[in-house]
Amino acid sequence: MTGGSYGLLDRDAEVSAVAAAVALAPAGHGGVLVVRGPAGIGKTALLRVSERLAEEQSVVVLRARAAPFEREFPYGVVRQLFDPALARSDLPVEELLAGAASGARAVLGDEPRSCAAPDSQFIVLHGLYWLTANLASHAPLLICVDDVIWCDEASVRYLEFLVRRLEGMAAVVALAYRTGEPGASDVVDALVSDPLARVVQPRPLSEAALGGLLGSELGEEVDPGFCAACREATGGNPLLVTELLRALETERVRPHASEIARVRRIGAVAVGPAVRQRLSLLGEETRGVARALAILGESARRDDLAGTSGIGVVELEDEIAALAGVGIVQAGERLSFVHPLVADAVRAALTAAESARLHQQAVKALVGRGASAWELAPHVVAGPVGAHRGAVGLMEEAARWALAAGAPEAAVTYLSRAIAELDPEHDPAPVWLALGSAKVQAGDPGARADLGRAIELARDVGTRARARIALSVVLFAAGEDARSIEILDAGLDEVAEVDPELAERMEGHLLSNIEVAGPSLVRLPRTIGERVTRARSAHKPRDTIAGRLVLCALAYEEFIGGGSAAEVVRLADKALADNELLQHEGPACTPMYRALVALIICDELERAAGKLTLALAEARRLGSPTAVVWASAWRSVANNRLGRLLDAEADAQAALGSGDQYPSGYGLTLAGIWLSLALTEQGRLEDARAVLDRVPEPDPPSLLTYALIESRARFHLACGDYSAALRDFQLYDRLEKPTVDLVGWRRPATGIINYRLHGARALIGLGDLDAARALVVEELPLARALGTPREIGITLHVAGLLETGESRIQTLKQATEELARSQSRLEYAKALCDYGAALRRANRRSDARPPLQAALAIARDARAAPLRDSAAEELKATGARVSRPGLTGVDALTASEHRIASMAARGMSNRDVAQALFVTVKTVEMHLGRAYKKLDLSGRTQLPAALGDRANPAESELATPIAGPTPTHV
Ligand SMILES: Nc1ncnc2c1ncn2[C@@H]1O[C@H](COP(=O)(O)OP(=O)(O)OP(=O)(O)O)[C@@H](O)[C@H]1O
Ligand SMILES: [Mg+2]
């Protein structure tokens with residue numbers, strides 16, 4: 001059909017809408033175009049128009065068409081989109097796939113990676129997203145996906161991921177889909193509901209348009225009644241009109257009133273019968289090729305088609321020509337049907353047995369040319385069970401590929417099939433284990449049952465132990481601490497006898513889980529607690545990686561057991577030596593965080609922050625959101641204590657902000673807790689309250705509960721709400737008391753949390769000094785046993801507040817002397833402030849000034865507003881003059897602005913910053929824009945001078961390219 005805009009009838013409005021959407025790409029605005037409607041209404045035709053419009057404006061077009069029976073091919077659509085683009089010689093492919101985009105190689109490379117990282121799904125998405133962004137910054141993009149409702153799940157995830165980040169990218173995503181198909185809405189809802197989406201719904205052709213068309217095609221004037229009959233027969237649906245025209249021509253029907261009856265008879269042509277009729281006129285060989293193509297799917301290779309239909313490559317060309325001649329096949333370098341409805345018609349005519357046989361043929365053809373497991377797998381799956389020798393191995397291999405490519409659902413399909421293919425000799429447990437692990441990644445709740453099966457069926461202890469570890473991780477993440485601990489506990493003894501190394505790995509997870517379960521340990525059998533005691537007294541070398549997992553937990557145990565900081569640090573250092581644990585186990589290794597937290601507790605803040613920065617860099621390199629959240633949340637604590645409140649805030653914000661795709665509940669709770677603490681210290685109490693309100697109370701209680709109480713109690717103290725702070729202390733007390741001495745835990749929570757001291761402060765506020773004193777008396781020996789200047793200093797600080805006169809001055813002085821040797825700058829400043837105040841009250845004004853000045857300087861630097869104000873007040877009361885720095889310049893920057901400006905000042909491009917922080921380039925631009933305004937700058941070249949030594953030091957390690965391997969030494 002010809003005529004109308006871009007050869008389409010009745011599509012002026014639709015074409016202008018499409019044109020407006022396409023124009024967004026070269027203008028640098030992202031956009032989504034959705035074309036939808038019933039079968040044959042002209043959606044694909046409109047997508048073609050969008051492609052032509054794009055090409056006219058030098059927009060690069062990536063296109064793909066999804067097909068129902070190809071849903072089993074993970075990333076099928078993504079590969080259709082990118083493979084041709086990456087083969088183009090005019091694009092710098094290496095550059096496009098560098099850095100954060102490198103994750104895309106798992107999908108698009110010739111050699112799919114075979115090892116699955118914990119967050120491989122996200123890594124690949126992140127990679128594909130950046131590949132798209134890189135392409136778009138090279139030339140504007142139009143990404144066309146036709147029939148998107150049949151898109152494989154992995155590709156849908158990519159599209160969703162992309163669509164949510166399109167703003168400000170020179171890329172338009174154009175999607176078409178048929179309405180009225182079952183299950184359609186689930187797939188496209190998320191894509192179509194995007195605020196950027198512009199929806200176009202092509203309408204049926206009008207009678208006028210139809211009349212014109214019939215006239216030009218049939219070469220005669222058209223009788224109005226005839227035209228109306230045609231319109232009625234087809235509903236104005238262009239596809240049906242096309243088919244009707246074909247029939248009218250074959251049957252030599254003229255457009256006269258007398259022929260209306262014949263039109264009605266030919267009438268409601270359905271595409272299926274029409275296609276079958278056309279096929280029936282062709283030879284059996286030709287029909288065989290059509291059927292083989294229906295099995296192979298979109299863009300089939302010629303050799304695969306020849307092999308599957310069982311004819312020679314030379315003869316194949318004749319058959320293709322015959323099929324193209326009757327409008328069934330579209331021949332190019334690769335082969336496809338002209339229209340999905342045509343493909344459907346051919347496929348619908350296949351019996352189940354025929355289709356199974358053809359899939360088997362396809363397997364043979366593909367094996368013959370050495371196709372990879374992932375290409376073969378869908379055909380094996382579609383064929384009968386037991387038909388392909390080596391199916392189990394093949395399915396396992398395809399599953400490994402799918403996992404590495406971040407398509408866990410496909411891995412689940414393949415491994416389920418592997419299980420169906422198992423023969424009695426085959427050990428089923430490793431396959432169940434693999435299936436369960438794949439389901440973990442796919443977020444499939446069936447994971448537990450499958451891992452349970454693996455445990456039950458395992459013929460060897462090793463598989464059983466690995467299945468137990470995997471199941472325990474699932475249960476633990478779901479908050480079922482107790483079950484997860486029990487599962488590990490139940491298997492530890494048998495594995496210890498046969499595989500000591502695997503046993504240590506299991507033990508490391510077990511002990512670390514016990515520690516995190518914290519107060520909930522009281523609900524578990526005593527024998528479990530004895531594991532801790534035994535591990536402590538085992539005195540094994542723990543030099544292997546598995547051994548170090550145990551050491552991590554032991555470092556933490558040493559601390560809760562009442563040991564000295566020197567010993568805790570020695571163990572933690574040994575566990576974390578040379579960052580080998582990070583390299584082997586990855587940045588999401590839970591036991592590793594126990595050792596890192598132990599370092600923080602022992603006031604080794606710089607070191608802990610450095611190690612967390614490395615973990616963070618590695619997490620970013622891998623694009624692992626779970627690990628980003630963990631490392632950021634804990635670095636937030638280190639920064640808080642170091643008196644870098646802005647960094648602490650930015651870390652916690654980064655943790656919360658990066659979790660939008662696959663949030664890790666545990667880590668996000670932690671990040672919320674520490675964010676509110678950073679805000680409280682800055683005196684931003686309303687913000688802190690808002691954050692705290694959103695943090696869920698852990699149920700059952702765990703170590704997180706302690707952290708939450710810490711943050712909440714400090715918030716209440718800052719608000720002067722002593723009763724609320726005391727309630728928190730009492731809650732803490734209720735949780736902690738039963739666990740004391742449970743496994744020789746002497747200070748179950750002291751250190752990361754200082755409840756007794758907060759409790760004492762609350763009691764002081766309420767005027768109950770005796771009770772406060774009792775708490776300090778309890779705390780002091782614990783602090784001395786740990787022996788860090790921080791713990792001793794902060795305890796003496798509260799002790800000093802309980803005294804009067806000269807002894808108050810002396811104790812506070814001692815506290816400042818201790819804290820001067822600590823890395824906890826804020827605590828030092830707080831003690832200095834109270835010490836200075838005590839001196840001032842004793843009328844020793846000139847003695848009071850130096851500590852108050854020092855406190856003021858630290859508080860200002862840290863942005864600890866309440867402390868800054870108290871120090872300034874006290875200082876004024878000594879008669880000293882205090883200058884008040886205004887709220888402009890660097891001080892006016894928010895945490896995020898400050899961080900992004902610092903990174904930009906260090907020469908990182910907006911794209912680098914966006915990649916490192918997991919945000920869009922647009923967000924970076926926005927923050928920088930606001931920073932320029934506040935700093936009164938005209939551009940980034942002035943940033944280094946404007947920030948000076950106030951640039952963010954904690955990010956400095958990340959200024960080096962994040963795509964490289966992790967350095968071995970800090
Ligand atoms: N406005 C139009 N004017 C003339 N011909 C048209 C028009 N729209 C579509 N056609 C023709 O009608 C046929 C069906 O159109 P198209 O393939 O675009 O439909 P579709 O909506 O994509 O169908 P499906 O739901 O099956 O994918 C094609 O041959 C196409 O060229
Ligand atoms: Mg179509």
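Author: Let's begin with a term: a polar contact is a pair of N or O atoms within 3.5 Å; within protein, one must be able to donate a hydrogen and the other to accept it, and residues adjacent in sequence count only if both atoms are side-chain atoms. Such a contact, 2.7 Å in length, links the side chains of Asn-910 and Arg-940. Before going on, please keep in mind that this is a predicted model, where local features need pLDDT of at least 70 and side-chain atom pairs count only at pLDDT 80 or more, while totals for chains, interfaces and linings use all residues. Residues are numbered from 1 along each chain as its sequence is written, chains are lettered from A and ligands numbered from 1 in the order in which they are written, and side-chain values use heavy atoms, with hydrogens and water left out.

Asn-910 belongs to helix H47, residues 910–917. Helices (H or I, at least four residues) and strands (E, at least two) are DSSP runs, numbered from the N terminus. Asn-910 counts as buried because its relative accessibility is 17%; buried means under 20% relative accessible area, exposed over 50%, and partly exposed in between, with a 1.4 Å probe and protein chains only. Setting aside neighbours within four places in sequence, Asn-910 is in contact with Val-921, Val-924, Glu-925, Leu-928 and Arg-940, where contact means heavy atoms within 4.5 Å.

For a contrast, look at Ala-353 in helix H18, residues 352–368. Its relative accessibility is 57%, so Ala-353 counts as exposed.

Helix H17 (residues 340–348) is mostly covered, with 7 of its 9 residues buried. Among them are Pro-340, Leu-341 and Val-342.

Now to the ligand. Of the 20 residues around ligand 1, Gly-40, Lys-43, Thr-44, Ala-45 and His-339 come nearest; a residue is near a molecule if one of its heavy atoms lies within 4 Å of it. One oxygen atom of ligand 1 is 2.7 Å from a polar backbone atom of Ala-45, and a nitrogen atom of ligand 1 is 2.9 Å from a backbone N or O atom of Leu-9. On its own, ligand 1 exposes 630 Å², and the protein buries 87% of that. These areas come from the Shrake-Rupley method with a 1.4 Å probe; for residues, only the protein chains shown count as cover. Helices H2 (43–56) and H11 (238–250) each supply at least two residues of the shell around ligand 1.

Stepping back, the largest nonpolar core has 148 residues, and Phe-82, Leu-131 and Tyr-158 have the most contacts inside it. A nonpolar core is a set of buried Ala, Val, Leu, Ile, Met, Phe, Trp, Tyr and Cys residues joined through side-chain atoms within 4.5 Å. Helix H6 (residues 120–138) gives the most to this core, 10 residues. A second, separate core of 139 residues includes Val-569 and Leu-692.

Finally, the whole chain: its secondary structure comes to 49 helices and 7 strands, and 58% of its 970 residues are buried. Along its principal axes, the C-alpha trace spans about 120 × 70 × 45 Å.
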